[in-house]
Amino acid sequence: MSDKDYRKMYDKIFKIMGDYTPLRVDCGQLCGGACCKGDSETGMLLFPHEESELPITVGASGERLAVCNGTCDRAKRPLACRIFPFFPTVDENGKVFVEPDLRAARLCPLIEHSEEIEFDPKFFKAVKKVGKILAKDDACKEFLEKITSEIDMFGEFLGE
Ligand code: SF4
Ligand code: SF4
């Protein structure tokens with residue numbers, strides 16, 4: 001796909017996510033906004049060809065990270081922030097699921113208490129739809145597969 005096609009794809013994805021969040025209320029009150037406490041050394045991993053108006057840094061393995069100072073214009077937050085703390089995982093047949101992103105298990109109370117919490121089903125529907133769009137593109141599918149295996153590894157480590 002061309003850069004223009006990717007831009008269109010992410011515009012569509014951001015529209016699908018809209019203002020949905022895992023809870024209908026601001027979960028930042030539960031944890032003091034723990035997932036927004038990054039610094040200039042850390043950042044949110046950008047999806048393949050995802051652009052950002054936030055500053056971008058390149059990590060040790062060449063990954064592109066959007067960096068913020070703990071506050072942002074919500075309209076400019078990257079996809080990783082919009083779907084956090086869940087992720088559209090894929091299985092070996094390319095089927096998309098929405099699972100807790102166990103890489104954030106220590107950080108986000110929503111993961112630890114996921115059994116007791118009433119989430120907004122519209123959020124999950126949107127993340128799944130987004131996952132299906134991403135899985136149609138080779139580079140994005142590869143990215144979903146890579147993160148899925150990282151999440152699985154964290155799951156094994158955490159004994160889940
Ligand atoms: S760490 Fe989890 S509970 Fe806290 S603001 Fe982020 S998503 Fe919400
Ligand atoms: S970009 Fe915004 S939503 Fe994402 S971590 Fe930074 S402050 Fe939080």
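1. Order of elements. From the N terminus, the protein runs α-α-β-β-β-α-β-β-α-α-α. This amounts to 6 helices and 5 strands. The model under review is a predicted one, and the points below should be read accordingly.

2. Overall dimensions. The radius of gyration is 15 Å, in agreement with the value near 15 Å that a compact globule of 160 residues would have. Along the principal axes, the C-alpha atoms occupy a box of roughly 45 × 40 × 30 Å. Buried residues account for 26% of the 160 residues. Of the contacts between residues at least 6 apart in sequence, 65% link residues at least 24 apart.

3. In general, an α-helix has 3.6 residues a turn, so residues three or four places apart point the same way.

4. Shell of ligand 1. Ligand 1 is surrounded by 13 residues, the closest being Cys 27, Cys 31, Ala 34, Cys 35 and Cys 108. Helix 2 (28–31) and helix 4 are the elements that supply two or more residues to this shell. Helix 2 contributes the most, with 3 residues. By class, the shell around ligand 1 holds 11 nonpolar and 2 polar residues, and no charged ones.

5. Shell of ligand 2. Around ligand 2 there are 10 residues, of which Cys 36, Cys 68, Cys 72, Arg 77 and Cys 81 are the closest. Here the composition is 6 nonpolar, 3 polar and 1 charged.

6. Backbone geometry to inspect. Most residues other than glycine have a negative phi, and most peptide bonds are trans. Two sites therefore deserve a look against that background. The peptide bond from Phe 84 to Pro 85 is cis, its omega being near 0°. Pro 85 belongs to the loop between helix 3 and strand 4 (86–90). His 49, although not a glycine, has a positive phi of about 65°. The residue sits in the loop that runs between strand 1 (44–45) and strand 2 (56–58). Is His 49 exposed, partly exposed or buried? His 49 counts as partly exposed, because 18 C-beta neighbours lie inside 10 Å, whereas a buried residue would need 20 or more.

7. Glu 118 is located in the loop between helix 4 (109–112) and helix 5. This residue is exposed, since 7 other C-beta atoms lie within 10 Å, and the limit for that class is 12 or fewer. Glu 118 and Pro 22 are separated by 96 residues in sequence, yet their C-alpha atoms are 8.9 Å apart in space.

Methods
Residues numbered from 1 in each chain as written. Chains lettered and ligands numbered in written order. Predicted model: local features only at pLDDT ≥ 70, side-chain atom pairs only at ≥ 80, totals over all residues. Helix = DSSP H or I, 4+ residues; strand = E, 2+ residues; numbered from the N terminus. Rg over C-alpha atoms; globule rule 2.2 N^0.38 Å. Contact = placed C-beta atoms within 7 Å. Near = placed C-beta within 6 Å. Nonpolar A, V, L, I, M, F, W, Y, C, P; charged D, E, K, R; others polar.
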